[in-house]
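Work through these exercises with the sequence and the structure side by side. Try each task before reading its solution.

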Amino acid sequence: MHSLKRRFLFPLLLIGFSVVATAQSASIEFEKYTLDNGLKVILHQDNTTPIVAVSIMYEVGGKDSFEGRTGFAHFFEHLLFEGSENIKRGEIDDYVQSAGGALNANTSNDRTYYYEILPSNQLALGLWIESERLLHAKVQSVGVETQREVVKEERRQRYDNQPYGTITLELYQRAFKEHPYKDPNIGYMEDLNNAEEADFQRFYKTYYVPNNAILSIAGDIDIEETKELIDKYFSGIPRGPEPPRVDIVEKPLGGEVRDTVYDQVPLAALIIGYRTVARSHPDYYAISMMNQVLSQGQSSRLNKVLVDEKELAVQAGSFPASSQDPGLAIAFAITRPGTTDLRPVENAFNEEVGKLQNELISDREFQKLRNQIEADAIAGYGSVAGIAESLADNEMFLDDANLINTETQRFMDVTKEDIRRVAREYYTPQNRIVLYWLPEPSSK
């Protein structure tokens with residue numbers, strides 16, 4: 001069953017869903033300041049290993065698109081590896097790899113993130129590369145055309161031709177009518193085809209400005225030397241106009257949405273999306289813990305009932321939305337071979353949600369849940385790269401980088417009554433999309 005799990009979960013996780021990790025118990029010290037041009041800087045010094053993570057996060061994601069031009073944030077994630085006025089095409093990778101480092105980037109619906117992991121004596125290289133991306137990126141037709149084909153092929157491989165790959169696309173376009181979360185992070189194929197060089201230049205000038213970014217550096221650094229390098233590479237970049245923000249407030253769903261999707265998949269699946277809160281909402285913590293009760297670990301409720309006891313599914317799970325604006329919490333169950341009727345699976349799932357709505361979880365289960373949170377906190381982020389990203393995420397979307405140290409307490413403050421309350425408030429039929437995901441009928 002391992003291959004099935006990977007095949008199903010991979011496209012979902014690519015969209016940027018994750019249960020945000022709780023903070024490690026040892027306090028992570030950092031310094032935060034802002035340059036005159038609006039660039040926020042966060043520095044964390046950890047001299048235990050000679051490695052540094054240089055990262056920059058831009059507050060622009062899949063939801064930030066000009067009308068008829070979806071997918072630009074993700075496209076730029078690719079385009080900004082093309083080079084700059086001072087870095088030839090293909091040389092960004094060469095510079096980092098020749099220095100013994102690694103680099104990558106990712107885009108969610110809400111932000112775009114670039115990073116390099118380098119030997120600490122190569123800190124200046126990482127800063128130079130990111131300053132070039134911010135000020136001197138080449139947004140030209142040759143790079144646009146090259147990456148247009150790369151992104152189109154990525155869409156085909158990860159979504160259109162991937163089993164279960166379009167689940168989030170199908171859910172979100174039914175869950176949102178006005179908010180741009182309705183559009184896929186990777187964009188529509190026709191938008192990728194029709195976008196012109198001038199569109200990309202406009203997007204770059206709008207969102208790739210220092211006052212729309214957080215530079216987060218963690219690892220084997222000297223704080224004062226790092227500040228001097230940051231000043232050298234970034235202080236001369238001019239502030240830009242404040243980028244536009246999405247201010248659309250989606251209306252309530254207004255009733256259950258049900259549909260059937262036929263796909264090239266080996267097994268039928270039940271897919272449910274619940275409209276839920278933004279990452280910054282206080283209820284996020286209780287919703288997250290409720291989802292842990294449902295699906296974290298072999299003894300979780302969905303696994304115990306749907307997989308082990310009733311043998312209705314080979315895998316079941318759920319996870320909360322983690323998005324800047326109210327998004328979707330998703331639950332799923334992949335059924336056993338030969339299943340054609342999903343109603344027993346749905347009934348069993350509804351029963352488990354109903355128990356959370358009508359009964360407080362047991363003292364034993366609640367203690368286990370709190371133990372899991374504390375274990376996650378002790379495990380922490382595992383790397384300077386994880387620390388750099390968490391500091392930037394917390395600062396950008398929750399206005400508090402120090403949540404890396406304090407957020408565990410927000411989880412620990414959740415009561416059994418809070419878990420029951422959010423189950424009642426958000427996990428209702430009128431607030432959900434239910435998809436029966438079925439194998440395409442074989443043509444004779």
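Predicted model: local features only at pLDDT ≥ 70, side-chain atom pairs only at ≥ 80, totals over all residues.

Residues are numbered from 1 along each chain as its sequence is written, and side-chain values use heavy atoms, without hydrogens and water.

**Exercise 1.** Find the strand order of the open sheet of 6 strands, and its edges.

*Solution.* Strands (E) are DSSP runs of at least two residues, helices (H or I) of at least four, numbered from the N terminus. Two strands pair if DSSP finds at least two bridges between them. The order is E1-E2-E6-E3-E5-E4, with mixed pairing. Strand E1 (31–34) and strand E4 (102–107) each have a single partner strand, so one side of each lacks a neighbour in the sheet.

**Exercise 2.** Describe how strands E3 and E6 are joined.

*Solution.* Take E3 (residues 51–58) and E6 (residues 213–219). They run antiparallel, and 7 bridges join them.

**Exercise 3.** Locate Asn 291, decide whether Asn 291 is buried or exposed, and list its contacts beyond four places in sequence.

*Solution.* Start with the helix: Asn 291 lies in H10 (residues 283–295). Next, accessibility: Asn 291 has a relative accessible area of 2%. Buried means under 20%, exposed over 50%, partly exposed in between (1.4 Å probe, protein chains only). Therefore Asn 291 is buried. Last, contacts (heavy atoms within 4.5 Å): Asn 291 touches Gln 296, Ser 318, Phe 319, Pro 320 and Tyr 427, leaving out residues up to four places away in sequence.
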